[in-house]
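User: I am new to this structure and would like to learn how to read the packing of its helices. Please begin with the general idea.

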Amino acid sequence: MFDFTRGFDLPILDWIANHLWCPFLDAILPCITFLGNGGWIWITTALVLLCIPKYRKTGFAIATALLMGLVICNLCLKPWVGRIRPYDYQLQAYGKVIPLLISAPTDFSFPSGHTIASFEAATVILIRHKKWGIAPLLLAILIAFSRLYLYVHYPTDVLTSIVLGIGIGCLANYLVTKGYSLYQQKKSQ
């Protein structure tokens, strides 16, 4: 049976480390990943949009997606899968110490909370406001890549988290849109 960690994930992380690590990215990508810490950039975005009547549904959809992602990914999947971080795996399996540019996360690796939250919010914004949805999508991509560059997630963590984030963002948007429609119908009766 194919071992994804050894046959897919680690070769990609090692390729990134051997070919892309440089002082410029070493300085920038910890800042990019910081934007995803605790989902604060997306929580702030949701709160700001909730305060603007024209964008209130978007803010509510982002908040809904973030809450769904928290429950599904951080509270259910992370402890259930229990995947160790790649830097810990390298140390345990090969005795190889990976230098980290950020504090070592203390929770499990799968899925990537930074990536899920970023793609949830970016998906909602892109669906609801295509014109200004590109910037959040680019930020989500940068945050996801930063998790690989910083050697704190495996590529399969990030790829799965992108899919989950997009799916949860679409579902939250659908639920909020349906909820508002039902609310408007009951209000007009």
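Analyst: Two packed helices are described by the angle between their axes and the distance between the axes. Axes are lines fitted to C-alpha atoms, for helices over the stretch in contact, and angles run from 0 to 180 degrees between N-to-C directions. The model shown is predicted: local features need pLDDT of at least 70, side-chain atom pairs count only at pLDDT 80 or more, and totals for chains, interfaces and linings use all residues. Residues are numbered from 1 along each chain as its sequence is written, and side-chain values use heavy atoms, with hydrogens and water left out.

User: How many helices and strands does the protein chain have?

Analyst: The protein chain has eight helices and zero strands; helices (H or I, at least four residues) and strands (E, at least two) are DSSP runs, numbered from the N terminus.

User: At what angle do H4 and H6 pack?

Analyst: Their angle is about 155°, and the axes lie 9 Å apart. H4 and H6 are therefore roughly antiparallel to each other, a term for angles over 145 degrees. H4 passes H6 in a right-handed crossing, where the near helix is turned clockwise from the far one by less than a right angle.

User: Which residues of H4 and H6 meet?

Analyst: Contact means heavy atoms within 4.5 Å. Among the residues of H4 that meet H6 are Ala61, Ala65 and Gly69, while those on the H6 side include Gly113, Ala117 and Val124. By class, this contact has ten nonpolar, four polar and four charged residues. Ala, Val, Leu, Ile, Met, Phe, Trp, Tyr, Cys and Pro count as nonpolar, Asp, Glu, Lys and Arg as charged, and the others, Gly among them, as polar.

User: How do H6 and H7 pack?

Analyst: H6 and H7 (residues 134-149) pack at about 170°, with axes 8 Å apart. These two helices are therefore roughly antiparallel as well, and H6 passes H7 in a left-handed crossing. Residues in this contact include Phe119 and Leu126 of H6, and Leu137 and Ile141 of H7. The contact has eleven nonpolar, three polar and one charged residues.

User: Which element gives the most to the lining of the largest pocket?

Analyst: On a 1 Å grid over the protein atoms alone, a pocket is an open set of points where a 1.4 Å probe fits, with protein on both sides within 12 Å along at least five of seven lines; lining residues have an atom within 4 Å of a point. H4 gives the most to this lining, with seven residues.

Notes
Parallel < 35°, antiparallel > 145°, perpendicular 65-115°, else oblique.
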